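Subject: Structure for your review

Dear colleague,

Please find below the structure that I would like to hand over to you.

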Amino acid sequence: MKLIGRLSVGHKIAIPLLAIVLLFSTISILNVIKLNQQEGINYKLVDLVQPVNESLEDAYRDLYQVTAAAQGLMLSTTVADIEHHTFEFKDNAYKALPRMKKVQELYEANILPSHTQFELTTLIKAAEKWIQLYEPLFSDPNNSQEYYQKNSDQLDEQFKTMRKQLKSISRLIVAEQVKLREQSYEGVQSVKLISEIGAAGAVILALLAIWSLGNGIVRPIKSLEKAMSEVASGDADLTQRIAVLSEDEIGKLAQAFNQFVSRIHGTVSNVIVSS
């Protein structure tokens with residue numbers, strides 16, 4: 001209280017206002033930081049993870065389309081059918097690899113743990129070998145059945161490897177999606193908490209500012225006004241003095257008032273004695 005009494009009126013007004021401004025500035029900065037983090041998480045989820053996940057699903061369908069094209073080729077009896085199934089093979093087989101390799105973007109963005117990189121490498125190698133095994137079948141449709149019987153075990157083995165790796169990588173991606181969604185939820189909750197604390201703090205500071213202004217400025221001014229009114233009234237009480245409770249401008253004004261009234265009181269007393 002003594003420290004408050006020594007502050008000037010300007011400081012008593014400025015300090016609460018500065019405290020409120022500082023509070024809102026801090027809240028704004030924290031919210032901006034959290035929102036930037038949230039934006040980064042949303043970017044990873046929407047622009048990186050989700051497209052890669054969809055790409056893997058498309059690659060998985062491509063593999064089954066290649067298998068269906070091979071089966072259709074071996075059953076084809078016309079040139080048109082052979083050309084159709086050959087086109088289906090090329091259209092799907094050579095799209096599957098780039099779609100699988102898109103997973104590399106998640107490793108480069110440090111979304112998937114680097115120690116699982118071998119999962120993608122194994123998948124790509126199996127897919128390349130599987131496609132290479134199918135290429136002779138489509139390049140020589142007349143002997144496709146004989147070629148398939150000789151290489152069916154290798155084709156099945158590579159296909160099982162691809163399916164296993166695709167499922168494993170998909171699980172890794174889903175696990176990272178869950179983590180990112182949890183981080184996103186926590187970020188939203190943090191922003192809400194910061195805003196709530198900031199609002200509560202602003203209310204408390206506003207109440208303290210009102211109390212400070214009321215007790216440090218308004219009340220002393222009212223006391224000074226009352227004392228001046230009594231001196232100025234018809235039954236002027238020249239013994240009236242104002243209690244000096246602070247060292248600010250109002251306190252100095254009260255001191256000056258007391259000195260003024262004291263001098264008038266002395267002068268009036270001397271006049272009365274002379275009379």
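**The loop between H4 and H5**

Threonine 116 lies in the loop between H4 and H5. Please note that the coordinates are those of a predicted model. With a relative accessibility of 7%, threonine 116 counts as buried, because buried means under 20%. Its side chain reaches the backbone oxygen of proline 113 at 2.6 Å.

Asparagine 110 is found in the loop that joins helix H4 (104-108) to helix H5 (117-139). Is asparagine 110 buried or exposed? Asparagine 110 counts as exposed, since its relative accessibility is 68% and the exposed class begins over 50%. The backbone of asparagine 110 also deserves a remark: its phi is positive, at about 60 degrees, although the residue is not a glycine. Most residues other than glycine have a negative phi.

**Overall architecture**

The protein chain has 7 helices and 0 strands. Read along the sequence, the elements follow the pattern α-α-α-α-α-α-α. The chain comprises 275 residues, and buried residues make up 34% of them.

**Salt bridges**

How many salt bridges does the count come to? The count comes to 6 salt bridges. Side chains of opposite charge can pair when their charged atoms come close.

Aspartate 58 forms a salt bridge with arginine 61, and the closest N and O atoms are 2.1 Å apart.

In helix H6, glutamate 146 and lysine 150 are 4 residues apart, about one turn of the helix. Glutamate 146 forms a salt bridge with lysine 150, with 3.5 Å between the closest N and O atoms. At 45% relative accessibility, glutamate 146 counts as partly exposed, whereas lysine 150, at 63%, counts as exposed.

A further pair in helix H6 consists of lysine 179 and glutamate 176, which are 3 residues apart, again about one turn of the helix. Their side chains meet in a salt bridge with an N to O distance of 3.6 Å. Lysine 179 is partly exposed at 45% relative accessibility. Glutamate 176, in contrast, is buried, with a relative accessible area of 13%.

**Surface patches**

Which residues gather in a patch of positive charge on the surface? They are Lys160, Arg163, Lys167 and Arg171. Arginine 171 counts as exposed because its relative accessibility is 56%, and the exposed class begins over 50%.

The surface also carries a nonpolar patch, formed by Ile13, Leu17 and Leu213, with about 240 Å² of accessible area together. Isoleucine 13 belongs to helix H2. At 38% relative accessibility, isoleucine 13 counts as partly exposed.

Asparagine 53 lies in helix H2 and is buried, with a relative accessible area of 12%. The C-alpha atoms of asparagine 53 and valine 174 are separated by 8.5 Å, while the two residues are 121 residues apart along the chain.

Leucine 45 is also found in helix H2. Leucine 45 is buried, with a relative accessible area of 12%. From leucine 45 to serine 184 the C-alpha to C-alpha distance is 9.6 Å, and the pair is 139 residues apart in sequence.

With kind regards

Terms used
Residues are numbered from 1 along each chain as its sequence is written. This is a predicted model: local features need pLDDT of at least 70, side-chain atom pairs count only at pLDDT 80 or more; totals for chains, interfaces and linings use all residues. Side-chain values use heavy atoms; hydrogens and water are left out. Patches are made of residues with over 30% relative accessible area and no salt bridge: like charges are joined within 9 Å, nonpolar side chains (Val, Leu, Ile, Met, Phe, Trp, Tyr) within 5 Å. Accessible areas come from the Shrake-Rupley method with a 1.4 Å probe; for residues, only the protein chains shown count as cover. A salt bridge is a side-chain nitrogen of Lys or Arg within 4 Å of a carboxyl oxygen of Asp or Glu. Lys and Arg count as positive and Asp and Glu as negative; His and the chain ends are not counted. The place of a charge is taken as NZ of Lys, CZ of Arg, CG of Asp or CD of Glu. Buried means under 20% relative accessible area, exposed over 50%, partly exposed in between (1.4 Å probe, protein chains only). Helices (H or I, at least four residues) and strands (E, at least two) are DSSP runs, numbered from the N terminus. A polar contact is a pair of N or O atoms within 3.5 Å; within protein, one must be able to donate a hydrogen and the other to accept it, and residues adjacent in sequence count only if both atoms are side-chain atoms.
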